[in-house]
Amino acid sequence: MTELHYDLTIYPDPRLRVRAAAITAFDDELASIVKAMFERMYASNGVGLAAPQVGLKIRLFVLNEAGEPGQGEEMVFVNPTITQRVGAPNLYEEGCLSFPQIYAEVERPSSCHVTWQDLAGNEHERDFDGFLSRIIQHEYDHLEGVLLVDRMSPADKARHRHALDELVEDYKATLAPAKPSKGPSWLPKRAGSKKRR
Ligand SMILES: [Zn+2]
């Protein structure tokens with residue numbers, strides 16, 4: 001089986017805005033995707049990662065609240081649904097691997113009831129609260145195309161305006177057509193024309 005390796009999908013990549021589709025095949029490929037997602041999550045120091053964050057339009061997220069391989073519990077949610085959110089809304093500072101260096105307080109209900117499938121397709125359901133409930137609600141948002149920037153307060157959005165604009169600029173730069181690496185050898189090379197920004 002080929003090893004998968006994923007890069008993070010960073011805001012404002014439109015792949016983060018797509019509503020992800022249900023998974024129907026519980027096969028080796030799905031297991032490989034999950035393995036590669038955990039690797040990406042740990043390498044990026046995350047506690048949760050949703051499939052759209054590695055460019056996949058599928059309803060899947062993984063988490064480990066300990067954030068370290070070999071510690072905590074690795075959990076895999078295939079086709080999850082949050083059937084109920086209960087408890088007083090509370091504020092908690094969230095980060096997101098798709099928004100490097102940006103943290104903002106987000107208000108969410110404290111608990112949620114979730115149904116999901118595991119890698120074998122078996123159905124599960126459970127209540128979650130505390131940090132796990134927080135991670136699950138954040139990752140579930142990704143499957144609906146909802147992002148940290150949508151959940152932050154207007155004040156936080158203003159505070160992070162510059163950082164958000166920089167992410168947009170960085171993304172636009174990735175879309176720019178690649179310059180030919182070499183011109184004809186008889187053309188003189190232009191020196192010092194490259195600017196960093
Ligand atoms: Zn996120």
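A residue is buried if 20 or more other C-beta atoms lie within 10 Å of its own, exposed if 12 or fewer, and partly exposed in between, with C-beta atoms placed from the backbone. This is a predicted model: local features need pLDDT of at least 70, side-chain atom pairs count only at pLDDT 80 or more, and totals for chains, interfaces and linings use all residues. Residues are numbered from 1 along each chain as its sequence is written.

Start with helix α5, residues 161–175. Of its 15 residues, the number buried is 1, so α5 lies largely in the open. Helices (H or I, at least four residues) and strands (E, at least two) are DSSP runs, numbered from the N terminus. The expected span of a helix is 1.5 Å times one less than its number of residues. For α5 that gives 21 Å, and its end C-alpha atoms are 21 Å apart, which agrees.

Now turn to the sheet. Strands of a sheet pair through backbone hydrogen bonds, either parallel or antiparallel. Here 5 strands form an open sheet in the order β1-β2-β3-β4-β5, with antiparallel pairing. Strands β1 (48–50) and β5 (123–128) stand at the edges; each has a single partner strand, so one side of each is left without a neighbour in the sheet. Two strands pair if DSSP finds at least two bridges between them. Between β2 (residues 60–63) and β3 (residues 75–94) there are 4 bridges. There, L60 stands opposite V78 in β3.

Two helices lie across these strands. Axes are lines fitted to C-alpha atoms, for helices over the stretch in contact, and angles run from 0 to 180 degrees between N-to-C directions. Two residues are in contact if their C-beta atoms, placed from the backbone, lie within 7 Å. Helix α1 (residues 28–43) lies across β1, β2 and β3, at about 50° to β2. Helix α2 (residues 130–143) lies across β1, β2, β3, β4 (104–117) and β5, at about 85° to β4.

Helix α2 also holds H138. An unreviewed UniProt entry lists C96, H138 and H142 for "binding site". They are spread over 47 residues of sequence, yet cluster in space: the largest C-alpha distance is 10.2 Å. UniProt positions follow the numbering used here, feature names are shortened, and annotations may be inferred rather than shown by experiment. C96 sits in the loop between β3 and β4. It is buried, with 27 other C-beta atoms within 10 Å. H138 is buried too, with 24. Leaving aside neighbours within four places in sequence, H138 is in contact with G48 and E94.
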